[in-house]
Amino acid sequence: MKRFLIHISQGYSIPIGKPLQKEIRERGYEVKWFSESENAKKYLTDEEELLESVQEVMDYNPHIVLVATDSVPHFFPGIKVEIFHGFLVNKWSFKKGHFRIRGFFDLYCTQGPSTTGPFNELKRKHKYFEVVETGWSKVDPLFEATNKLKRISAKPTVLISSTFTTRYSLAKIPEVYEEIKRLSLLGKWQFLVILHPMMDLAIVEKFKNLENENLKYFDTTDIIPILKIADVMFSDTTSAIPEFILQRKPVVTFRNNKPMPHLMNIESVEDIEKTIEKAFSYPNEVMKEIDDYIEFTHPYSDGKSSNRIVDATLAFLEKDRSYLKRKPLNLVRKFQMRKKLNYFKF
């Protein structure tokens, strides 16, 4: 029986692993979890079997490690598979962001052409890993007919989502906060609010205190059900934007880092209300750009990305991999990883 390990470092990665856990168990294989963060563990449920220590991981001896973070302990048994903790949102440079190669992975399961192309170029350069386009497991529930969350109101619904990165975060701009407060008190729209799990607690409390009959705050890492009941998103540069757009719904962004044609980007607080109003009309020119973006970013709407990821990892595990070069030594990073996890057995 094949043994899978889902490796996370933050609570927001749990919804990435859950569809994979479901797929793995349906095939009759074993799956367990490991988290580097104590904070992330509080978001796990009784459904997830958590390995509490590095030694427990070593004893479990997984065949495949599915990694929903940027790095993985090199000394963990099994092939290391990058499944990503978010979409490409252009917060960072090419070298520091999505395409940073750290020398730990055997296989990259990419989300769509926007990531597959660059990773294939990197594969040809480095020659020690493979790349397979599978789609992203987290959005599988986005395409299910049912949803565990019902609409709160018959009013048009705006989802407010914000990153924790200070220079991009709309939630940290007092004038934007006051405008959200004003609009929520008008009562013409229903507002839902989700903030990044790493958001400053003071900001979280401000939005919790803003709750009224037209605005509800959600403290959860499982945002897919919330995405499904909103009609329009108001956001900044958060990684939740592509997840929302995959539903063919418009997003109004405030001072987005790299505004693109599929986003309705604004720079002024005075433009928030009228641009959200326009977004509710689903403008043809915006929808055409959204369709093009989806095709480039994640052209899979069948809800079977987890299936493709498991297929790809099993195929890679069983194939002859002698054509791949050895991974780089990475001695400094490897020492840092052992030190971080306080594991020095060899």
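**Helix packing, sheets and core of the predicted model**

The axes of helix α1 (residues 14–26) and helix α11 come within 9 Å of each other and cross at roughly 65 degrees. This crossing of α1 and α11 is right-handed. On the α1 side, the contact is made by Pro19, Leu20, Glu23 and Ile24, which meet Ser306, Asn307, Ile309 and Val310 in α11. Sorted by class, the contact of α1 with α11 has five nonpolar, two polar and one charged residues. The model described here is a predicted one.

Strand β4 (residues 79–82) is joined to strand β5 (residues 107–110) by two bridges, and the two strands run parallel. The bridge partner of Glu82 in β5 is Tyr108. Strands β5 and β6 also pair in the parallel sense, over four bridges, and the bridge partner of Cys109 in β6 is Val132. Both faces of β5 are covered: Leu107 and Cys109 on one side are buried, as are Tyr108 and Thr110 on the other.

A further open sheet has six strands in the order β9-β8-β7-β10-β11-β12, with parallel pairing. Strands β9 (215–217) and β12 (264–266) stand at the edges with a single partner strand each, so one side of each is left without a neighbour in the sheet. The twist from one strand to the next averages 20 degrees. Three bridges join strand β8 (residues 190–195) to β9, and these strands run parallel. Val193 has Tyr217 as its bridge partner in β9. Helix α9 (residues 272–279) packs on this sheet and touches β7 (157–162), β10 (232–235), β11 (251–254) and β12; the direction of α9 makes about 175 degrees with that of β12.

The largest nonpolar core has 107 residues, of which Leu66, Leu159, Ile180, Leu195, Phe207, Phe234 and Ile272 touch the most other members. Helix α11 (residues 305–318) supplies the largest share of this core, six residues. With neighbours within four places in sequence left aside, Leu66 is in contact with Phe4, Leu5, Ile6, His7, Leu20, Ile24, Val81, Ile83, Ile309 and Thr313. Among these partners, Leu20 and Ile24 belong to the α1 side of the helix contact, and Ile309 to the α11 side.

Lys206 is found in helix α6 (residues 201–209). Its relative accessible area is 31%, and Lys206 is therefore partly exposed, a term used for values between 20% and 50%. Although Lys206 and Ala171 are 35 residues apart along the chain, their C-alpha atoms are separated by 9.3 Å.

Notes
Residues are numbered from 1 along each chain as its sequence is written. This is a predicted model: local features need pLDDT of at least 70, side-chain atom pairs count only at pLDDT 80 or more; totals for chains, interfaces and linings use all residues. Side-chain values use heavy atoms; hydrogens and water are left out. A nonpolar core is a set of buried Ala, Val, Leu, Ile, Met, Phe, Trp, Tyr and Cys residues joined through side-chain atoms within 4.5 Å. Buried means under 20% relative accessible area, exposed over 50%, partly exposed in between (1.4 Å probe, protein chains only). Contact means heavy atoms within 4.5 Å. Axes are lines fitted to C-alpha atoms, for helices over the stretch in contact, and angles run from 0 to 180 degrees between N-to-C directions. A crossing is left-handed if the near helix is turned anticlockwise from the far one by less than a right angle, and right-handed if clockwise. Ala, Val, Leu, Ile, Met, Phe, Trp, Tyr, Cys and Pro count as nonpolar, Asp, Glu, Lys and Arg as charged, and the others, Gly among them, as polar. Two strands pair if DSSP finds at least two bridges between them.
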